[in-house]
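I opened the model to look up how its parts pair and meet. My entries follow the structure.

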Amino acid sequence: MILVVGGAGYIGSHLVEELVRTHEVVVLDNLSTGHRGAVDAQAVFVEGDLGSESDLESVFSKYPINAVMHFAANSLVGESVTDPLKYYENNVAATLTLLKIMLKYNVKNFIFSSTAATYGIPDVNIIREDSRTQPINPYGQSKLMVENILADFATAYDLHYVVLRYFNAAGASESGRIGEQHDPETHLIPIILQHLLGQREQISVFGDDYDTPDGTCIRDYIHVTDLAQAHIAALDSLLAEKSKTATYNLGNGQGYSVKEVIDTCESVTGRKANVIIAERRAGDPARLVASSEKIRQALGWKAERDLEQIISSAWNWHQSIQ
Ligand code: UFG
C-alpha cells in the first residue's frame, strides 16, 4: 500500500486520482490547506498530521505501507520570508518525524516533492539537475535541507528515494472533478482565470522590466496530471529497485512569459483581460525553465500537455465551481 502524505492538496489529490488505478492508497492529510472532497473515493483517508508521531504510528501500524509519497508542505515563497519558522517546522522538522517513523517500520521507499526554488537565481538558461542549488528564500532552503537529509539517510539507513523538483504546476484533472484551489490564491493562471470569470477586477503583472524579451518573467508550466504521472513512474522504478536514489526536474522544457500566459488565457477563453503593470514581486527570478531530459532518459517520462491544454483544463474546472 502507498501512503500519500498531503494527498488532499492540489498536487497530491491529482496524484491520488491517477495512483488509485494501479495501487492501493492511504492518504494522510491534516486538511490545513487541502480539501477532504478532493481525495479520490477509492483511497483510504486519515485525517492527521505528519509532524505527529502518534498520528503516523496509527497509520503505519494499521496499513502495510511499502512506500511513502510526501506532498504535505507550505509552499508560498513570500510567506516563507516573513514566517520562516513555519516553513522550517512544517517542511523540515515534520518531514524528519515522518522519516523517523518510516525507518521504525522499515519502510525504505520515499518520493519527495521538491521545487525549482532550490536553484535560486540560476546562471543558466535551461536548468539541469546538476545546476547550482542556491535558494534565495526559506521555502527553497527548507526543500533543499530535506534533499540533503535524504542523501544522508540513503547512506546511513539504506533509504531509497526520488526527489522531484517541480517547476510551475498548473491545470486541472481531465476528469473535471478536481483543480487548483488555494486560499488565498497567488498563482498566475488561476488568478487570470478568476479575473476572466469576473471574480477579480484586474490582473497585476509583477514587473515588466526584467531582462527577458517582453520584460515579464518566464516560467516553465507543467500540467498537474503530467506531474502525477511522473510520480508514478518514479514510484514504480523505486518499487522495482531499478535505482536507489535519484533527483529529477519536472517541467515542459519550454518557457512562457507572464504576458504570453495572459495572451493564451485570452485566446483559450475568448475573453479579454484588464491588465495593469505593478511592482516586481520580491524573490522572483527572471527566468526558470527546466531540462527534464534526465527523467526522460531514465524513466521514459515526458510532459504530454502544452500550455493551451493546461489552461483549457483549468478553465473547465474554474467554470464548473463558479
Ligand atoms: N505573477 C504575476 N501576477 C500575479 C501572479 C503571478 O505577474 O498575480 C507572475 C509572478 O511574478 C511570476 C509568474 O507570474 O513571474 C508565476 O508566478 P506564480 O506565483 O504562479 O508561480 P511562481 O513561479 O512564483 O511559483 C512557483 C511555485 C512555487 C515555487 C516557485 C519556484 O508555485 O511553489 O515556482 O520559484 F517555489
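**Notebook: sheet, domains, salt bridges**

I began with strand 9 (residues 218-219), which pairs with strand 14 in the parallel sense over two bridges. I count strands as DSSP E runs of at least two residues and helices as H or I runs of at least four, numbered from the N terminus. Two strands pair if DSSP finds at least two bridges between them. Within this pairing, I found Ile218 bridged to Arg287 of strand 14.

I noted that the model is predicted, that local features need pLDDT of at least 70 and side-chain atom pairs pLDDT 80 or more, while totals for chains, interfaces and linings use all residues. Residues are numbered from 1 along each chain as its sequence is written, and side-chain values use heavy atoms, with hydrogens and water left out.

**Domains**

I took the bounds from the domain assignment, which is automatic or from a database. Domain 1 covers 2-170 + 222-250, and domain 2 covers 188-220 + 253-320. I find 24 Å between the two centres, taken over C-alpha atoms. For the contact (heavy atoms within 4.5 Å), domain 1 gives 27 residues and domain 2 gives 24.

I next looked up the buried area, that is, the accessible area (1.4 Å probe) that two parts lose on being put together, summed over both. For domain 1 and domain 2 this comes to about 2,200 Å², with 64% on carbon and sulfur atoms. On the domain 1 side, the residues that lose the most area to domain 2 are His223, Asp226 and Tyr248, together 25% of what that side buries.

I searched for salt bridges (a side-chain nitrogen of Lys or Arg within 4 Å of a carboxyl oxygen of Asp or Glu). The rule finds one across the interface of domain 1 and domain 2. I also looked up the Arg305 and Asp226 salt bridge, where the closest N and O atoms are 2.6 Å apart.

I looked up which elements of domain 1 touch domain 2. Strand 7 (168-170), strand 10 (221-223), helix 7 (224-239) and strand 11 (245-250) each supply at least two residues of that side. Helix 7 has the largest share, seven residues.

**Elsewhere in the chain**

I searched the whole structure and got 16 salt bridges. One that I looked up joins Arg165 and Glu147, at 2.6 Å from N to O. Arg165 lies in strand 6 (residues 160-166) and Glu147 in helix 5 (residues 138-157), 18 residues apart.

The peptide bond between Asp183 and Pro184 is cis, with omega about 5°. I place Pro184 in the loop between strand 7 and helix 6 (188-196). Asn106, a residue other than glycine, has a positive phi near 60°. I find Asn106 in the loop between helix 4 (84-104) and strand 5 (109-115).
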